[in-house]
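Okay, thanks for coming, everyone.

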Amino acid sequence: MIDLLALIVLSLATWRVCRMLCFETGPRRVFARIRAFAGVSDLGKGTNLVSDILSCMACASVWIAIALTVIWVYVDFAHIAIFVLATSGVAVLAQMAVGK
């Protein structure tokens, strides 16, 4: 069963992973390389199913949420990694709220 705290943590972690995969360049361009490898064009448009998902945060969030929820429910030690992603999400949101 997922309680309110888990829902909030999973939601923030989902947002953070989606933002990284869909929009951010990342250290050493890791996220940009993932998008390029998947086939996302320079204009941010998809050329296949995976690139379509990575070029749409709403689309990616569904699949990321499914994956994180399954991991949350079935992998005990994964809670730590998901909390780290959620905490990172809060930090990014706070930065966005106060400006760059």
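Ground rules before we start. This is a predicted model, so local features need pLDDT of at least 70 and side-chain atom pairs count only at pLDDT 80 or more, while totals for chains, interfaces and linings use all residues. Residues are numbered from 1 along each chain as its sequence is written, and side-chain values use heavy atoms, with hydrogens and water left out.

So, the overall build. The chain has five helices and zero strands, where helices (H or I, at least four residues) and strands (E, at least two) are DSSP runs numbered from the N terminus. Read from the N terminus, that gives α-α-α-α-α. Along the principal axes, the C-alpha atoms fill a box of roughly 40 × 35 × 25 Å. Of the 100 residues, 30% are buried; buried means under 20% relative accessible area, exposed over 50%, and partly exposed in between, with a 1.4 Å probe and protein chains only. Now contacts, meaning heavy atoms within 4.5 Å: among those with a separation of 6 or more, 54% join residues 24 or more positions apart.

On to the packing. Helix H1 (residues 4-22) and H2 have axes 7 Å apart, at an angle of about 70 degrees. The axes are lines fitted to C-alpha atoms, for helices over the stretch in contact, and angles run from 0 to 180 degrees between N-to-C directions. So H1 and H2 are roughly perpendicular; the cut-offs are under 35 degrees for roughly parallel, over 145 for roughly antiparallel, 65 to 115 for roughly perpendicular, and oblique for the rest. H1 brings Met 20, Leu 21 and Cys 22 to this contact, and H2 brings Phe 31, Ile 34 and Arg 35. That's five nonpolar, no polar and one charged, counting Ala, Val, Leu, Ile, Met, Phe, Trp, Tyr, Cys and Pro as nonpolar, Asp, Glu, Lys and Arg as charged, and the others, Gly among them, as polar.

Next pair: H4 (residues 57-74) and H5 (residues 78-98) have axes that come within 8 Å and cross at roughly 140 degrees. That makes H4 oblique to H5. Leu 68, Ile 71 and Trp 72 of H4 meet Ala 78, His 79, Ile 82 and Phe 83 of H5, which comes to six nonpolar, one polar and no charged residues.

While we're on H4, it also holds Val 73, partly exposed at 41% relative accessibility.

Now, the backbone. Most residues other than glycine have a negative phi. Which way does Arg 28 go, positive or negative? Positive, at about 55 degrees. Arg 28 lies in the loop between H1 and H2 and is exposed, at 78%. Arg 29 is in that loop too, with a positive phi near 60 degrees, and is partly exposed at 49%.

Last stop, the largest pocket, with a volume of about 190 Å³. Of its 13 lining residues, the closest to the centre are Arg 35, Val 40, Ser 41, Asp 42 and Gly 44. Points are joined across faces, edges and corners, and the volume is the space filled by probe spheres set on them. H2 (residues 30-38) gives the largest share of the lining, three residues.

Methods:
On a 1 Å grid over the protein atoms alone, a cavity is a set of points where a 1.4 Å probe fits but cannot get out, and a pocket is an open set with protein on both sides within 12 Å along at least five of seven lines; lining residues have an atom within 4 Å of a point.
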